[in-house]
Amino acid sequence: MAGMNDAKRMFLQIIMSHGVAPETTVADWYMKSCETYGEPARKSQDDFNHFIATINDALAPLFMNIARAIREDTGEPIWGLVNQAQDESSKLATLYDLGEIDYFKTLLEAIVRSSNGQVSSTDALNIVTERGMSKAVIQDLLKRMVSDRWLVLNGGKYSLGPRSMLELPLHIKRVYPDDIVNCMLCADMAILGQSCPQENCTAKAHIPCLQKYKNSQQAMGAAFTCLRCNTPWAHEVPPAQPIRSAWPPATAAAGAAGAAGGLGNDLADGGKRRGRRTK
């Protein structure tokens with residue numbers, strides 16, 4: 001793989017092991033991988049993006065890439081390894097059986113077609129599929145899908161989790177083109193969010209985007225209104241949760257080793273655990 005070196009291979013192995021992770025954690029993995037193998041690690045997002053682009057060039061023949069997405073519930077950037085060659089069923093097939101995949105497809109459709117990108121836990125339990133599943137089985141499946149980060153459960157309502165936002169956006173846009181709108185503030189796909197209070201307006205926005213917009217309008221003494229129809233935004237917008245910027249990374253190499261977990265530590269020790277000679 002052209003352009004690959006030990007630092008990039010270490011980083012790739014860590015992200016393959018962990019799946020989906022916040023950008024702050026991934027930035028620490030980047031620093032740890034570079035410092036372990038003596039590659040200059042400049043603490044800027046541009047340098048990190050170049051580092052990722054080199055890895056993605058090597059992964060392209062395998063139809064895989066390391067991708068970035070934004071969590072709709074928190075606004076937090078996330079990264080993960082995405083298989084671009086598989087359809088949504090194939091991506092789920094290694095973790096779930098056909099009945100469970102059918103159920104998730106039905107739940108996905110309900111979430112996407114809802115006005116706010118959420119389905120109550122009661123409605124989720126009452127979903128009926130062709131294969132038939134008991135409520136006890138569905139409840140166990142929902143717990144696993146939350147644990148696997150395909151779903152998020154918040155306030156008794158399910159929405160799409162970070163893994164879904166990384167793996168499924170193309171599928172969602174292809175299958176539900178008439179149900180998808182873009183956030184009026186960030187222009188990304190908006191599933192979880194608030195719709196304009198004006199019934200005839202199709203505007204929608206993510207909660208984290210609305211939080212920033214509301215704060216900005218208040219700071220300027222301006223009205224908090226829909227950008228499309230100028231209707232006052234009457235919905236209550238919960239206060240923003242602080243998100244630490246990943247740049248520059250806050251942790252040094254030692255701290256990043258803990259973030260990388262066992263695989264990162266094993267790679268970082270120069271192979272001592274496997275009996276290799278180290279300088």
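**Figure 1. Contacts of leucine 107 in the predicted model.** In this predicted model, leucine 107 is in contact with Val119, Ala124, Ile127, Leu142 and Leu151, once its neighbours within four places in sequence are left aside. Leu107 also belongs to the largest nonpolar core, which has 33 residues, and together with Leu151 and Ile172 it touches the most other members of that core. Two or more residues are given to this core by each of strand 2, strand 3, helix 5 (98-113), helix 7 (135-147), strand 6 and helix 8 (162-167). The largest share, seven residues, comes from helix 5.

Figure 2. Leucine 81 is found in strand 3, and with a relative accessible area of 18% it counts as buried, because the cut-off for a buried residue is under 20%. When neighbours within four places in sequence are left aside, the residues in contact with leucine 81 are Leu12, Met16, Gly19, Leu59, Met64, Asn65, Ile66 and Glu167.

Figure 3. Three strands make up an open sheet in the order 1-3-2, and their pairing is antiparallel. Strand 1 and strand 2 are the edge strands, each of which pairs on one side only. On average, and with direction ignored, neighbouring strands of this sheet are turned by 25° against each other. Strand 1 (residues 20-22) is joined to strand 3 by three bridges, and within this pair alanine 21 has tryptophan 79 as its bridge partner. Strand 2 (residues 64-70) is joined to strand 3 by seven bridges; in this pair alanine 69 stands opposite isoleucine 78, and isoleucine 70 stands opposite proline 77. Helix 1 (residues 6-18) packs on the sheet, where it touches strand 1, strand 2 and strand 3, and its direction makes about 90° with that of strand 3. Strand 2 and strand 3 form a hairpin with six residues between them, and glycine 75 in the turn has a positive phi of about 80°.

**Figure 4. Burial of strand 3 on both of its faces.** Strand 3 (residues 77-83) has seven of its seven residues buried, so it is largely enclosed by the rest of the structure. Pro77, Trp79, Leu81 and Asn83 point one way from the strand, whereas Ile78, Gly80 and Val82 point the other way, and all of these residues are buried.

**Figure 5. Helix 3 and the elements that cover it.** Helix 3 (residues 45-59) lies across strand 2 and strand 3 and runs at about 140° to strand 2. From its first C-alpha to its last, this helix of 15 residues reaches 21 Å, which is close to the 21 Å expected at 1.5 Å a residue. Its buried residues are Phe48, Phe51, Ile52, Thr54, Ile55, Asn56, Ala58 and Leu59. An α-helix has 3.6 residues a turn, so residues three or four places apart point the same way. The cover over the buried residues of helix 3 includes helix 1, helix 2 (23-36), strand 2 and strand 3.

**Figure 6. The hairpin of strand 5 and strand 6.** Strand 5 (residues 151-154) and strand 6 (residues 157-160) run antiparallel and are joined by four bridges. Across this pair, leucine 153 has tyrosine 158 of strand 6 as its bridge partner. Two residues lie between the strands of this hairpin, and glycine 155 in the turn has a positive phi of about 65°.

Figure 7. The protein chain has 11 helices and 10 strands, and buried residues make up 44% of its 279 residues. Among its contacts between residues at least 6 apart in sequence, 57% join residues at least 24 apart. The chain averages a pLDDT of 86, and 87% of the residues score at least 70. Over residues 252-279, however, pLDDT stays under 50, and for this stretch the model has 40 contacts beyond four places in sequence. Where pLDDT is low, the predicted coordinates should not be read in detail.

Key:
Residues numbered from 1 in each chain as written. Predicted model: local features only at pLDDT ≥ 70, side-chain atom pairs only at ≥ 80, totals over all residues. Heavy atoms only, no water. Buried < 20%, exposed > 50% of the residue type's maximum accessible area, 1.4 Å probe, protein only. Pairing = 2+ DSSP bridges. Axes fitted to C-alpha atoms, helices over the stretch in contact; angles between N-to-C directions. Contact = heavy atoms within 4.5 Å. Core = buried A, V, L, I, M, F, W, Y, C linked by side-chain atoms within 4.5 Å. Expected span 1.5 Å × (residues − 1). pLDDT = per-residue confidence, 0-100.
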